[in-house]
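Please look over the sequence and the model before reading on.

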Amino acid sequence: MRSFSFVLLRRLLFRPSAGSATTPKNARLTLYDRLSSQTLTQIERVLLHALSHEPADVVRRKAVDTVADLANQSMRRGRPWHALQAQAFAMAQGGDAGSRDVAFRLFAGCPNLVMDLQTDAVLGVLKKGLQDPESVSVSLYLCILYVSCTCHVMCRPARATTICSDIWAMSVTA
């Protein structure tokens with residue numbers, strides 16, 4: 001039931017509402033666009049709590065998918081999610097393998113979380129994750145992150161190229 005609620009939230013937030021196509025100005029409005037800032041902040045808080053406290057792996061994966069989608073859509077609309085960025089990096093360096101797995105899944109699903117930070121800090125966290133003996137899946141997420149960063153080269157060439165090449169070099173040498 002909890003995993004279904006994450007999927008449902010993701011779908012409902014970003015599906016254009018039925019009456020939004022009546023005028024060209026409202027042609028692409030979604031439920032997310034109609035929510036108040038306070039409501040969005042509360043949704044973000046609940047999702048951050050779910051990321052760090054969900055015990056079931058299958059539910060945690062759906063939570064990560066929902067959070068990554070919400071973060072990507074929020075950033076596209078000019079609403080950065082700094083608390084997610086901070087929590088993801090804290091989880092990536094945490095002692096629990098499940099938390100580290102969630103963090104690297106988030107990085108793969110939302111590459112903007114790592115694009116705006118200092119390259120050395122990002123690479124330090126990613127390298128530590130790549131050498132994680134408890135979580136083999138981190139290597140897969142780093143490959144996905146590399147591909148995602150490569151796709152961002154079109155938008156922000158200098159920054160994305162640096163991070164992409166550094167991630168690639170780090171994953172080849174590990």
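## Overall fold

The model is predicted. Its chain contains 10 helices and zero strands, so the pattern along the sequence reads α-α-α-α-α-α-α-α-α-α.

Of the 174 residues in the chain, 43% are buried. Among contacts with a separation of 6 or more, 63% are between residues 24 or more positions apart. The chain has an accessible surface of about 9,400 Å², and carbon and sulfur atoms account for 60% of that surface.

## Helix 4

Helix 4 covers residues 57–76, which is 20 residues. From its first C-alpha to its last it reaches 28 Å, close to the 28 Å expected at 1.5 Å a residue. After helix 4 comes Gly-78, which has a positive phi near 80°.

Which residues of helix 4 are buried? They are Val-59, Arg-60, Ala-63, Val-64, Thr-66, Val-67, Ala-68, Leu-70, Ala-71, Asn-72, Gln-73 and Ser-74.

## A nonpolar patch on the surface

Met-1, Phe-4, Leu-8, Leu-12 and Leu-31 make up a nonpolar surface patch. Together they have about 530 Å² of accessible area. Helix 1 supplies the largest share of the patch, with three residues.

Leu-12 lies in helix 1.

Key:
Residues numbered from 1 in each chain as written. Predicted model: local features only at pLDDT ≥ 70, side-chain atom pairs only at ≥ 80, totals over all residues. Heavy atoms only, no water. Helix = DSSP H or I, 4+ residues; strand = E, 2+ residues; numbered from the N terminus. Buried < 20%, exposed > 50% of the residue type's maximum accessible area, 1.4 Å probe, protein only. Contact = heavy atoms within 4.5 Å. Areas by Shrake-Rupley, 256 points an atom, 1.4 Å probe, with all protein chains shown as cover. Expected span 1.5 Å × (residues − 1). Patch = residues over 30% accessible without salt bridge, like charges linked within 9 Å, V, L, I, M, F, W, Y side chains within 5 Å. Salt bridge = Lys/Arg side-chain N within 4 Å of Asp/Glu carboxyl O.
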